[in-house]
Amino acid sequence: MRNSQKMMIAVLLIAVIALTSVSSSISLLSGTTNPVVNSFTFSSETGSISLTLDEALIENGESTSSRTTSGNTYYIEAGKDISKDPTITMNSGSVEAYVFFYMDNNLSSDYFTINCSDSWIKIASDGTKSLYIYESKVDATSGSKTLDALFTKIEVSTTIPEEFISSFDSKTITLQAYAVGTDVDLSTAINQAAEKFDFSNPTTNITVNDN
């Protein structure tokens, strides 16, 4: 085994904003940002929702107190866990919403483990892709609300075969934030989020707490 050899992973952070609308069956969708632009606001008659998705900035392989909205590049070593805390903030003035986290994780589950926070409920998965909903509705009309990180680290196996390392190209984890206003019911919001990220048959028989 060559456990000291390093591998690289790039992580993309993309914020997706959804707005409330006057429709009773769907909330108005505003669009998706580019990876380097993570927060914007779109107004509607019933209010607006603005999200920021960020994580701790990594410098020289170590987590810092600064935050980045464009992701990090990690150099991986066998047995050395990766500090990572993708976090969604609902910006001040945003109306009440259901908040979703989408993750496309292209790391091999044989050697890399991500344990997501209990605050995020998995409602859909397909191959490398997963969709989560926050445990409660979020209302930031009176001030910004920072939610629990989706996870706080990536666990790396202590033994990784040399043939895996030698064939390891740069991998990515793509994360996106999404929100749907509570002017629709929970089931409708979940189905809207699932459709946005191309999931079929999401779990809808769950409970989300009031804020």
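Predicted model: local features only at pLDDT ≥ 70, side-chain atom pairs only at ≥ 80, totals over all residues.
Residues are numbered from 1 along each chain as its sequence is written, and side-chain values use heavy atoms, with hydrogens and water left out.

**The sheet**

Four strands, in the order β4-β3-β7-β13, form an open sheet with antiparallel pairing; strands here are DSSP runs (E, at least two residues), numbered from the N terminus, and two strands pair if DSSP finds at least two bridges between them. Because β4 (62-68) and β13 (145-146) stand at the edges, each with a single partner strand, one side of each is left without a neighbour in the sheet.

| Strand pair | Bridges | Opposite residues |
|---|---|---|
| β3 and β4 | four | I58 and S63 |
| β3 and β7 | four | T52 and T89 |
| β7 and β13 | two | M90 and K145 |

**Strand β7 and T87**

In a regular strand the side chains alternate between the two faces of the sheet. Both faces of β7 are covered, with T87 and T89 buried on one side and I88 and M90 buried on the other; buried means under 20% relative accessible area, calculated with a 1.4 Å probe on protein chains only. T87 lies in this strand, which spans residues 87-90, and counts as buried because its relative accessibility is 8%. Its side chain makes a polar contact with the side chain of R67 at 3.4 Å, where such a contact is a pair of N or O atoms within 3.5 Å, one able to donate a hydrogen and the other to accept it within protein, and residues adjacent in sequence count only if both atoms are side-chain atoms. Apart from neighbours within four places in sequence, T87 is in contact (heavy atoms within 4.5 Å) with T52, L53, D54, R67, F101, T146, L147 and A149.

**The nonpolar cores**

A nonpolar core is a set of buried Ala, Val, Leu, Ile, Met, Phe, Trp, Tyr and Cys residues joined through side-chain atoms within 4.5 Å. The largest one has 37 residues, and those with the most contacts inside it are I88, V99, F112 and W120; strand β8 (residues 94-105) supplies the largest share of this core, five residues. When residues up to four places away in sequence are not counted, V99 touches several residues, among them I88, M90, W120 and L147. A second, separate core of 19 residues includes Y102, V180, F199 and V208.

Notes
Buried < 20%, exposed > 50% of the residue type's maximum accessible area, 1.4 Å probe, protein only.
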